[in-house]
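Dear colleague,

I am handing over the structure we spoke about, and below it you will find my notes on what came out of the analysis. Please read them with the structure open beside you.

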Amino acid sequence: MSDPVLSVRDLVVEIPTRNAVLRPVDHVSYDIEPGEILGVVGESGAGKSMTGNAVIGLLDRPAAIAGGEIRLKGQRIDNLPYEDMRRLRGKEIGMVFQDPLTSLNPLLQIGDQLTETMLAHLEITETEARTRAIAALDEVGIPAAASRIDSYPHEFSGGMRQRVVIALALCAEPSLIIADEPTTALDVSVQAQIIALLKRLCRERRTAVMLVTHDMGVIAEAADRVAVMYAGRLAELGPVRDVVQSPRHPYTEGLMGSTPLASRGQHRLRQIPGSMPRLGSLPDGCAFHPRCPKAQDRCRANPTPSLDADQGRAACWFPVEQLEDAQ
Amino acid sequence: MANLDTSTDTSPSAKPKEPGAIARFRDSDFYWKFTRSPVAMVSFTVTLILVLSAVFAPLIAPYDPFDPGSLNLMNGFSAPGVPNAFTGDEFFLGTDDQGRDVFSTILYGMRISLFVGFAAVMFALILGVTLGLIAGYIGGWTETIIMRIADIQLTFPSILVAMLIFGVAKGFTPVEYRDQMAIWVLIVAIGLSDWVQFARVVRGATLVERNKEYVQAAKLIGRRSPAIMLRHILPNVLSPVLVIATISLALAIIAEATLSFLGVGAPPTQPSLGTLIRIGQGFLFSGEWWILLFPAATLLTLALAVNLLGDWLRDALNPRLK
Amino acid sequence: MLAYIIRRVAQSILVLLVVGLVAFSMFRFVGDPIDNMLGQERTQADIDRLRTELGLDQPFPVQYFKFLGGAAQGNFGVSYRQGRPVSTIIAERAPATLELAAVSGFLAISIGIALGVFTAIRRDGWVSNVIMTVSLLGVSLPTFLIGILLIYLFSVELDLLPSFGRGEVVDLGWWTTGLLTSSGLKALILPSITLGLYQMTLIMRLVRSEMLEVLRQDYIRFARARGLKERTVNFRHALKNTLVPVITVTGLQLGAIIAFAIITETVFQWPGVGLLFINAIQFVDIPVMAAYLMLISVMFVGINLIVDLLYFWVDPRLRADRGGAH
């Protein structure tokens with residue numbers, strides 16, 4: 001196997017506050033291979049977006065990387081100076097945000113936003129950039145791209161705007177895309193189209209994708225592997241089929257139980273009692289234990305070992321053995 | 001129907017809880033924020049000291065600058081803290097050309113500045129709140145006319161509006177009464193130039209209340225509900241009105257000083273801080289800097305303190321203005 | 001879009017008619033024009049003749065429209081105090097005020113926007129903090145005090161710059177300018193700083209808060225995520241979006257500068273229209289007051305209209321939304 005596109009090891013993000021230092025991301029490790037889609041799933045506040053922001057180097061102060069490494073195609077990027085990191089953004093790492101209505105500058109024509117991105121990273125002339133911009137719009141399925149290139153963002157629908165955003169993220173041919181809740185703000189009918197588009201384009205270019213979402217349906221639809229996050233830590237990491245069909249971590253199991261999925265023989269939806277603790281008041285031991293039906297003394301006393309990227313699947317003292325066993 | 005009336009009348013029964021009010025205040029977020037902000041505490045203290053010394057000016061001032069009997073022209077142009085060459089009298093902040101004690105004239109001048117400021121803001125507040133209520137409650141043409149006038153007036157800087165009103169009012173006043181009436185004309189002029197903000201906030205709050213169910217219900221059973229609405233609206237507009245009033249006070253003090261400085265405000269017989277600065281400007285080149293500088297510094301301190309206080313109130317109460 | 005423009009122009013005309021009514025009422029009802037224009041020795045025949053001449057015997061609406069008609073042609077009657085046509089007096093003095101206002105406005109806008117952008121980009125730097133603190137003082141300082149302080153410092157203590165008047169002016173026939181002589185330029189320095197300072201701090205604070213707001217927007221994050229240069233993000237993406245809401249306030253500030261010129265002109269004895277107006281108030285010279293009111297209203301309403309139309313030019317969303325059909 002070749003080098004992974006993205007390799008995150010023991011990543012820690014900290015936010016210093018007056019009383020304590022919060023850890024929205026706590027010893028997270030994972031790899032993404034070329035052409036692979038890694039789904040990162042969890043409740044809001046679980047640290048999934050923060051992980052994405054850390055990778056692209058856009059953490060909002062005072063949040064900052066406090067430990068671990070991030071490697072892009074083997075090269076370390078978490079300690080690069082601002083200007084070097086800036087050159088990687090867009091060129092090597094593209095990003096798609098949640099809300100296409102606010103991601104585009106309302107006062108600039110979409111063509112200008114595309115060409116400025118290409119000109120910032122590629123050695124091409126403005127005319128070439130414009131030709132490529134039209135091709136890029138065409139590729140993401142904007143009809144009559146050549147005539148729509150001089151339109152302003154407000155002249156497009158939400159779904160069309162997200163296509164433009166994807167074109168922007170891909171226009172300098174990055175090797176990694178971070179898609180942060182790319183479908184959450186869209187109509188349900190458009191969501192599947194956008195996911196299919198993202199999937200197709202990345203397969204074609206062998207672009208690695210980090211797909212951040214809270215929607216298990218999207219993960220099941222698009223991802224190859226899935227990383228489940230809970231309270232800043234990785235709870236479970238594995239191939240989508242395995243995680244969906246036979247979750248090992250009680251949290252994942254709870255999550256699956258509360259999601260309607262066609263691929264599992266669904267009985268009734270269950271919910272996980274309680275809610276995720278706030279970062280300032282994490283319990284001792286495993287962060288999930290107050291809500292865990294299987295919690296024992298060991299869970300209350302000892303933090304679970306953090307998951308390594310290449311071994312183990314669930315960060316749990318008493319992982320669910322098999323679907324059959326659990327029932 | 002009757003029970004609606006009794007509910008209006010029960011409010012005085014809240015009186016017995018009065019002893020708890022101070023404790024409640026000390027317990028409030030507002031008080032907590034106040035003790036956490038040095039800017040707020042300093043500006044509040046300075047404002048309080050200045051207001052008190054203006055109110056008690058006759059007790060504090062060493063001289064009565066408007067009592068011709070106590071004036072000695074020989075004392076004219078005494079420098080601050082230096083005994084006068086002719087009389088040997090010493091004045092803490094010096095004297096002006098007529099031998100008036102600058103410290104005393106400042107205290108009396110501040111009295112007039114603050115009186116005009118407070119009165120103008122009260123006038124604007126009452127006018128604005130009333131018009132805002134009327135506009136919001138009656139609606140229709142009345143509302144359109146009131147708010148259109150407000151819009152037009154808002155297009156012009158309020159100091160210009162105040163000048164015009166002052167000029168027109170002066171034209172209506174017989175010459176022999178002009179000086180006497182000047183202070184009142186000034187209050188009306190500044191007040192009239194400043195009611196719009198109050199009216200806008202109150203109208204907004206009234207519009208919200210007007211569509212609530214209890215008002216609709218009262219209308220259905222054929223009752224007009226201004227009194228009931230007032231009880232609901234006033235608490236809602238209390239903090240924005242307080243904030244606007246404080247900021248308006250700073251603006252009114254500056255407006256008064258500006259008008260008086262320009263010679264279209266307080267007359268020399270009743271000098272405000274602005275008038276004193278106008279007088280003092282004449283001595284700028286002849287070296288008697290204290291006649292100008294001390295009133296100017298007082299005005300600056302007063303305006304800055306009230307301004308900072310208003311700024312802080314706006315942040316602390318955080319009403320949704322505009 | 002055309003419908004909108006027509007509506008805005010109609011509104012502007014309505015405002016002018018209302019202001020005209022105020023001005024006319026002042027003219028007609030404040031004091032007796034006959035009293036004001038004829039001296040102590042007058043005969044009933046004089047009074048009657050003047051009454052007919054001024055049209056005071058006609059019905060109110062007729063008088064009002066005559067007044068408006070005259071005003072539209074620049075005829076505002078004769079100054080009670082100077083006995084000369086108001087239009088002549090104002091024409092003599094307008095260049096002084098307009099030059100002062102133009103220089104101050106330019107200073108306020110250029111420096112205000114530059115400092116606002118600077119303090120927004122370097123929001124935590126100590127230079128920004130110093131600028132912000134000083135600007136708070138600038139907002140609280142009454143204009144006339146700034147003027148006096150500048151005179152005290154630069155004219156009395158340092159003796160560098162003149163404290164009053166326009167200096168030498170060059171008469172171009174239809175315009176007198178102080179911009180062509182060194183003494184005229186020197187005389188312009190202190191007044192224009194005095195007049196522009198308040199508006200400058202206002203514009204600066206507004207630009208800063210708007211820009212901070214814009215810098216928090218998603219499209220700025222996205223622009224950064226696309227790897228655009230910091231300079232491009234700040235000036236191409238953030239600044240342009242900042243300036244849209246700033247245009248209105250800046251436009252109104254330009255109007256305010258002309259009005260606040262009254263104060264500056266008094267402090268520096270600047271021979272402009274503002275000083276004329278203050279003297280008119282002191283001596284209840286109603287025709288001059290009315291004329292000034294009308295003139296300044298035309299300017300304000302005009303500026304408001306231009307500002308509204310500028311919006312269309314700057315913000316593509318409005319072009320589509322309000323314009324309706326393509």
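A residue is called exposed when its relative accessible area is over 50%, buried when that area is under 20%, and partly exposed in between. By that cut-off E173(A) is exposed, because its relative accessible area is 54%. Please keep in mind throughout that this is a predicted model.

Backbone in chain A

E173(A) sits in the loop that runs between helix 7 (158-170) and strand 7 (176-180) of chain A. A231(A), again a residue other than glycine, also has a positive phi, in this case near 50°, and its place is the loop between strand 9 (225-230) and strand 10 (233-239) of chain A. Is A231(A) buried or exposed? With a relative accessible area of 3%, A231(A) is buried, whereas E173(A), as said above, is exposed.

Chain B against chain C

The contact between these two chains draws on 38 residues of chain B and 41 residues of chain C. About 3400 Å² is buried between chain B and chain C, and carbon and sulfur atoms account for 83% of that area, while the number of salt bridges between the two chains is zero.

The largest nonpolar core has 133 residues, and those with the most contacts inside it are M163(B), I277(B), F144(C), F277(C) and M289(C). Helix 6 of chain B, which spans residues 102-138, makes the greatest contribution to this core, namely 15 residues. Leaving aside residues up to four places away in sequence, M163(B) touches L259(B) and L262(B) and, in chain C, I262(C), F277(C), I278(C) and I281(C). There is also a second, separate core of 102 residues, which includes L38(A), L201(A), L237(A) and Y251(A).

Chain C against chain A

Here the contact takes 24 residues from chain C and 30 residues from chain A, and about 2400 Å² is buried, of which carbon and sulfur atoms give 56%. R221(C), F222(C) and R226(C) together supply 29% of the area that chain C buries against chain A, more than any other three residues do.

How many salt bridges cross the interface of chain C and chain A? There are three, among them the one in which the side chains of R221(C) and D60(A) meet at 3.0 Å, N to O. R236(C) likewise forms a salt bridge with E116(A), the closest N and O atoms being 2.6 Å apart. Because R236(C) belongs to helix 10 (residues 230-267) of chain C and E116(A) to helix 4 (residues 110-121) of chain A, this pair joins two chains. R236(C) counts as partly exposed, at 33% relative accessibility, whereas E116(A), at 9%, counts as buried.

Other salt bridges

Over all chains the count comes to 29 salt bridges. In one of these, the side chains of R291(A) and E43(A) meet at 3.4 Å, N to O. R291(A) lies in the loop between helix 11 (250-257) and helix 12 (297-301) of chain A, and E43(A) in the loop between strand 3 (37-41) and helix 1 (48-56), so the pair ties together parts that are 248 residues apart in sequence. R291(A) is buried, with a relative accessible area of 10%, while E43(A), at 24%, counts as partly exposed. The side chains of R71(A) and E69(A) meet in a salt bridge at 2.9 Å, N to O; R71(A) is partly exposed at 31% relative accessibility, and E69(A) is partly exposed at 25%.

A nonpolar patch on chain B

Finally, F44(B), L48(B), L52(B), V55(B), F56(B), L59(B) and I60(B) form a nonpolar patch on the surface, and together they have about 650 Å² of accessible area. Helix 4 (38-55) and helix 5 (57-60) of chain B each supply at least two residues of the patch, with the largest share, four residues, coming from helix 4. F56(B) lies in the loop between those two helices and, at 41% relative accessibility, counts as partly exposed.

With best wishes

Technical notes: Residues are numbered from 1 along each chain as its sequence is written. Chains are lettered from A and ligands numbered from 1 in the order in which they are written. This is a predicted model: local features need pLDDT of at least 70, side-chain atom pairs count only at pLDDT 80 or more; totals for chains, interfaces and linings use all residues. Side-chain values use heavy atoms; hydrogens and water are left out. Patches are made of residues with over 30% relative accessible area and no salt bridge: like charges are joined within 9 Å, nonpolar side chains (Val, Leu, Ile, Met, Phe, Trp, Tyr) within 5 Å. Accessible areas come from the Shrake-Rupley method with a 1.4 Å probe; for residues, only the protein chains shown count as cover. A salt bridge is a side-chain nitrogen of Lys or Arg within 4 Å of a carboxyl oxygen of Asp or Glu. Buried means under 20% relative accessible area, exposed over 50%, partly exposed in between (1.4 Å probe, protein chains only). A nonpolar core is a set of buried Ala, Val, Leu, Ile, Met, Phe, Trp, Tyr and Cys residues joined through side-chain atoms within 4.5 Å. Contact means heavy atoms within 4.5 Å. Buried area is the accessible area (1.4 Å probe) that two parts lose on being put together, summed over both.
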